[in-house]
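The structure is shown below for reference.

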Amino acid sequence: MPYTTRTQHLKPEGAYQVLARANQLEAAGNEIIHLEIGQPDYATFENISRAGIEAIHAGHTRYTPPAGMTSLRIAIAEDSGHRRGIHVDPDEVVVGPGGKPQLFFPTLALVEPGDEVIYPDPGFPTYEAMIRVAGGVPVAVPLLEKNNFSFDLEAFDRLTNERTRLIIINSPSNPTGGVIPPGDLEHIAAQAERFDSWIMSDEIYTRIAYDGLRVSSIASLPGMKERTIIVDGFSKTYSMTGWRLGFGIMPRELAARVDLLLTHSIGSTAHFTQYAGLEAVTGPQDMVEVMVAEFQRRRDIIVAGLNDIPGISCQKPQGAFYAFPNITGTGTKSGDLANLILEKAGVALLPGSSFGKYGEGYLRLSYANSVENIEKALEKIEAVLTR
Ligand SMILES: Cc1ncc(COP(=O)(O)O)c(C=O)c1O
């Protein structure tokens, strides 16, 4: 039976595919180090888990308004607005089960079949998937190593035009760890104004930035908040991937549309999860800082170790928790190299090519793992490559 064109293009995310193969190898008795998964290795912080459990015991196990509990929307509006230096009203906040619905639903609300959508390549695979489901035309803009993986602005200017309905940016970036500098944000904002395009700014890693860097939001530039959807969430910042909680900040008319899409699809986000989220936003933030400091230490170890391996060179990522080394010096394609490293070294990681064609020539390694495992993985990779 044929399936609809809007779903025919869908394919699995690379991370889940590699995980499945890694699990098979583990079941057959092999030791595997997992550097493929995009989630912090920390347990959800104690105060947050406790708030979730207490919420269940208190009977907070019911439906909530589709766009989230009012108390949580108020808390997010205040916290996220303050962090970005913008004023956010609670009815501009939409809560959902993860950041992903805040990518998908605004895209469905804004993109007509045939509209062009700019997105980063290499980039999070959901971007291309959701553009195509909406019937839009995906237009990939390369992220270049020579620009610290910010947008290639020349290509960006060439590819934006009056058909550009939406521009997706992601800073800090998955998979590169790159951060878009303020000057580039201004350039992107000017193009969006010129062609009256919307901007979707995926800021899910905004609090995971290193060396004291504060990541700027494009929404804080003059006139930009009215045409921007900020996508953020709890998965990465508070190590809550499995709780499923995220939010979008967008103009209230668009928020009302997304509210309707949530009403008729997911209904509402888990009630007790929202209580856990309320504690995450309003409670102590010291564990976020502890985790980010530890990620910075691991980043330095993995980057130095990768640069010591012949054929590999790796820039220092400024944010997120991924190293994105250039492997062209090995003379092997990224898919083949990732397979070889999994099968022969027992290290699960992702080929850059699973993030788009401009990801060829790179690998993605998550360093949200112990220093012990990172060091062991580096030794094993080096042994395979120099054998
Ligand atoms: C760039 C980016 N955006 C959004 C998400 C979605 O996160 P979640 O739906 O778990 O909140 C992820 C998760 O890996 C991501 O890497």
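With which residue does E31 form a salt bridge? The partner of E31 is K376, and the closest N and O atoms of the two are 3.1 Å apart. The model is a predicted one, and the salt bridges in it come to 20.

- E31 is partly exposed, with a relative accessibility of 46%.
- K376 is also partly exposed, at 28% relative accessible area.

**Salt bridge R252–D89**
- A salt bridge joins the side chains of R252 and D89, with an N to O distance of 2.9 Å.
- R252 has a relative accessible area of 35% and is partly exposed.
- D89, at 26% relative accessibility, is partly exposed as well.

**Salt bridge E116–R163**
- E116 pairs with R163 in a salt bridge whose closest N and O atoms are 2.8 Å apart.
- Because E116 sits in strand β3 (residues 116-121) and R163 in the loop between α7 (153-159) and β5 (164-170), the pair ties together parts that are 47 residues apart in sequence.
- E116 is buried, at 13% relative accessibility, whereas R163 is partly exposed, at 48%.

**Helix α9**
- The end C-alpha atoms of α9 are 16 Å apart, which agrees with the 16 Å that its 12 residues should span at 1.5 Å a residue.
- The buried residues L254, A255, V258 and L262 of α9 lie on the same side of the helix, because they cover an arc of only 100° around the axis.
- An α-helix has 3.6 residues a turn, so residues three or four places apart point the same way.
- E253 and R257 are exposed on the other side of α9.
- The packing partners of the buried residues of α9 are β2, α5 (100-110), β6 (198-202) and β7 (228-233).

Technical notes:
Residues are numbered from 1 along each chain as its sequence is written. This is a predicted model: local features need pLDDT of at least 70, side-chain atom pairs count only at pLDDT 80 or more; totals for chains, interfaces and linings use all residues. Side-chain values use heavy atoms; hydrogens and water are left out. A salt bridge is a side-chain nitrogen of Lys or Arg within 4 Å of a carboxyl oxygen of Asp or Glu. Buried means under 20% relative accessible area, exposed over 50%, partly exposed in between (1.4 Å probe, protein chains only). Helices (H or I, at least four residues) and strands (E, at least two) are DSSP runs, numbered from the N terminus. The expected span of a helix is 1.5 Å times one less than its number of residues. The arc is that of the directions from the helix axis to the C-beta atoms. Contact means heavy atoms within 4.5 Å.
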